[in-house]
Every structure is written in structure tokens, then in C-alpha cells.
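Biologist: Could you take a close look at one part of this model for me? I would like to understand the nonpolar core and what surrounds it.

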Amino acid sequence: MQKKWLWILLLASPLLAGAQDAQIPPDIQKLSARAKETVEVTMDGPMLRWASKFLSADDPDEERAAKLVANLTGIYVRSFEFDKEGAYTSAEVDELRSQFHSPGWSRVVGVRSAAEGDNVDIFFKLENDKMAGIVIIAAEPKELTFVNIVGPLELDQLADLGGEFGVPKLDRKTLKHAEKAEKGEQK
Amino acid sequence: MTHKTEIKAKIDGVDAALKTALCRQSAPEGFADQVLARIAAQNLAQPPERRNSWFSLFMQPILTQPIFIQPVVRWAALAAFATAMIFGVYIYNIRREHAQGEAAKKQLMLALRVAGSKLQLAKSKVNDMNTDPTRHVKE
């Protein structure tokens with residue numbers, strides 16, 4: 001009887017692995033061969049729980065992170081930095097986006113910047129009118145980033161995510177300041 | 001004359017005795033088997049040569065100390081040694097788990113930073129759109 005279960009587990013393991021990989025589009029892995037630098041983070045539920053045990057309550061960033069990941073079931077990141085522009089095609093990015101044009105997903109932000117070539121898409125997964133996940137696809141000239149956060153996420157936590165964790169908050173004032181500084185350097 | 005005959009008789013006697021003593025005689029039956037059996041018995045009786053193990057090299061000088069002659073002390077020392085070993089393994093596992101946890105935490109913070117930076121990028125682009133209408137935004 002035990003052997004039977006062992007066989008079932010062995011046969012089902014590729015299916016289980018496939019189910020886990022579904023959080024990351026399979027085609028995106030192809031880009032790592034062309035990338036200069038690759039960031040890969042794959043954290044499923046148990047791993048998140050375990051990692052969050054090591055987050056310190058004394059550190060404000062880590063405290064916020066602990067609250068944020070408390071109800072999440074997975075965080076998956078693939079970020080590729082390339083040597084030169086055009087290392088990936090727009091068709092590849094479209095293919096990536098098309099996987100989230102399905103029921104349950106809605107694109108809440110889509111930015112196309114002709115000047116800088118930065119394209120950012122943000123998709124929300126809604127379940128019973130509640131956010132159950134977020135996918136960010138950021139295609140920059142020399143960088144392509146895919147982020148999939150699985151699990152319930154509060155909007156205020158999302159705001160935290162956008163403005164904390166060592167990332168400076170960007171608003172018009174800071175942008176103008178940055179532009180002035182840039183112009184000053186050019187002079 | 002008599003002296004000569006006496007000497008000759010003695011020489012003949014010695015000669016005869018030598019001939020008798022040195023004459024070829026076959027070994028008694030089963031002699032070879034007896035010899036082999038005796039050799040085998042001797043080999044069995046000899047204890048095998050003992051090698052100096054690491055235990056005898058390092059522990060023998062300690063265990064032969066007068067304090068360790070008592071079995072209670074020996075057992076106590078063994079128990080202390082075993083406890084130290086178990087504690088050492090426990091500490092090692094805790095440290096290893098902590099190192100793995102710290103690595104997982106770094107991965108988590110990295111993931112959140114990447115996600116945060118891309119949200120910031122989107123946010124800044126959306127803000128830009130409000131000032132620059134030539135860009136296309138869908139929100």
C-alpha cells in the first residue's frame with residue numbers, strides 16, 4: 001500500500017513542479033541566456049513563512065515586509081539586464097502580457113513611453129472583488145522585469161511596496177529636482 | 001702389538017657405531033602429518049598481532065589514569081562526551097538554519113525591492129503622463 005502511494009507521488013511530482021512553475025511564464029526563462037545579469041527569486045508559501053521568521057521587528061523595512069508577506073502565498077521575480085538595447089523583441093513582451101489577458105486578471109496600469117522606451121504593465125488578479133495577486137511587467141530598453149506576487153494584498157500595503165524598501169519615493173517634486181540636477185550636471 | 005690391536009679394535013668400534021648412527025632410516029608413518037598438525041596448533045595458539053588503533057593511541061593514556069579506573073567515572077566521562085557531541089551538532093544545525101534563513105530573508109527583501117522599484121517606475125510614468133500628454137497611458 002505504501003509503495004503504491006510512493007509511486008503516485010513520484011508520478012505526480014512533475015505535475016506538481018509544473019503547477020509551481022505556472023507562476024512564472026515558461027518563455028521568460030529563455031531570456032536569461034541573453035542577459036548580462038539575472039535576478040531570480042522564487043518563494044512559495046512555506047518559504048515565505050520561513051523567511052519572514054527572520055525579519056526583524058526592529059528594522060522598519062523588515063517590519064513592513066513581514067506585514068506584507070503575512071498573507072501571501074508566493075513571490076516570483078525574474079529580472080534580466082542586457083548589455084545592449086534590442087536584446088528582446090516586443091513580440092516576446094506581448095507574449096508575456098497575453099498570458100494575463102485572461103478572466104480573473106485585469107490590467108490596471110499600462111504605460112507606453114515612446115521617449116524613454118519604458119513600458120510598464122500592472123495586472124491585478126481579482127477574486128470575489130478582492131485583490132488576490134499582482135503581476136508587474138516592466139520592459140525597459142536594457143532591462144526586462146517580471147514580478148508575480150500571489151496572495152491577498154491590501155492597497156495600502158501596495159503603496160508601501162511602492163514607496164519603501166530602500167526605493168526612494170518618486171513624485172513630481174523629486175522628479176523635477178532630479179531633472180534640475182541632471183540639467184545642472186549637463187551645464 | 002697388543003696396543004695396536006687395541007687401537008684398531010677401538011677404531012672399528014667407533015666406525016661401527018658411526019655406521020649404525022648414520023645409516024639411512026625412513027621416517028615413521030604419519031610423521032609429516034604430525035609435524036604439520038603441530039605447526040597449525042602453534043599458529044592457533046599465538047594471539048594475532050594487535051595494531052595500535054586511534055583509540056588506544058589517544059584514549060589509552062587518559063583511561064589508564066587512576067581517576068578513570070572506576071567504571072562510574074568512565075561512564076560519566078563517556079556520557080559527558082556524548083552530550084558535548086549532541087550539543088555541538090545541535091548548535092551546528094541552528095547556525096546552519098539561521099544562515100539559510102538569513103539568505104531567504106535577503107531573497108525576500110530583494111524581491112520586494114525589485115517589485116517596489118517597478119511600481120515606482122510605473123507610478124513615475126503615470127505622474128509624467130499628467131504633465132506630458134504626448135505619452136500614452138492606460139489606467
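Modeller: Happy to. Of the 187 residues of chain A, 26% count as buried, where buried means that 20 or more other C-beta atoms, placed from the backbone, lie within 10 Å of the residue's own, exposed means 12 or fewer, and partly exposed is in between. In chain B, buried residues make up 12% of the 139 residues. Please keep in mind that this is a predicted model, in which local features need pLDDT of at least 70 and side-chain atom pairs count only at pLDDT 80 or more, while totals for chains, interfaces and linings use all residues. Residues are numbered from 1 along each chain as its sequence is written, and chains are lettered from A and ligands numbered from 1 in the order in which they are written.

Chain A has six helices and six strands; these are DSSP runs numbered from the N terminus, helices being H or I with at least four residues and strands E with at least two. Along the sequence, their order in chain A is α-β-α-α-β-α-β-β-β-β-α-α. Chain B has five helices and one strand, in the order α-α-α-α-α-β.

Now to the core itself. A nonpolar core is a set of buried Ala, Val, Leu, Ile, Met, Phe, Trp, Tyr and Cys residues joined through C-beta atoms within 7 Å. The largest one has 41 residues, and A:I75, A:I136, B:L108, B:A111 and B:A115 touch the most other members. Elements giving two or more residues to this core include β1 (37–44), α2 (45–52) and β2 (74–81) of chain A, together with α5 (71–131) of chain B. The most comes from α5(B), with eight residues. As general background, nonpolar side chains tend to be buried together in soluble globular proteins.

One place where the two chains meet is the packing of α2(A) against α5(B), at an angle of about 105 degrees and with axes 8 Å apart. The two helices are therefore roughly perpendicular, a label for angles of 65 to 115 degrees. From α2(A), the contact uses A:M47, A:L48, A:W50 and A:A51, and from α5(B) it uses B:G101, B:A104, B:K105, B:Q107 and B:L108; contact means C-beta atoms within 7 Å. Six of these residues are nonpolar, two polar and one charged.

Strand β2 of chain A also holds A:Y76, which is buried, with 22 other C-beta atoms within 10 Å. A:Y76 and A:M43 are 33 residues apart in sequence, yet 6.2 Å apart in space, C-alpha to C-alpha. Leaving aside residues up to four places away in sequence, A:Y76 touches A:Q23, A:I24, A:V41, A:T42 and A:N148.

For contrast, look at α1(B): none of its 21 residues is buried, so this helix lies largely in the open.

Terms used:
Axes are lines fitted to C-alpha atoms, for helices over the stretch in contact, and angles run from 0 to 180 degrees between N-to-C directions. Angles under 35 degrees count as roughly parallel, over 145 as roughly antiparallel, 65 to 115 as roughly perpendicular and the rest as oblique. Two residues are in contact if their C-beta atoms, placed from the backbone, lie within 7 Å. Ala, Val, Leu, Ile, Met, Phe, Trp, Tyr, Cys and Pro count as nonpolar, Asp, Glu, Lys and Arg as charged, and the others, Gly among them, as polar.
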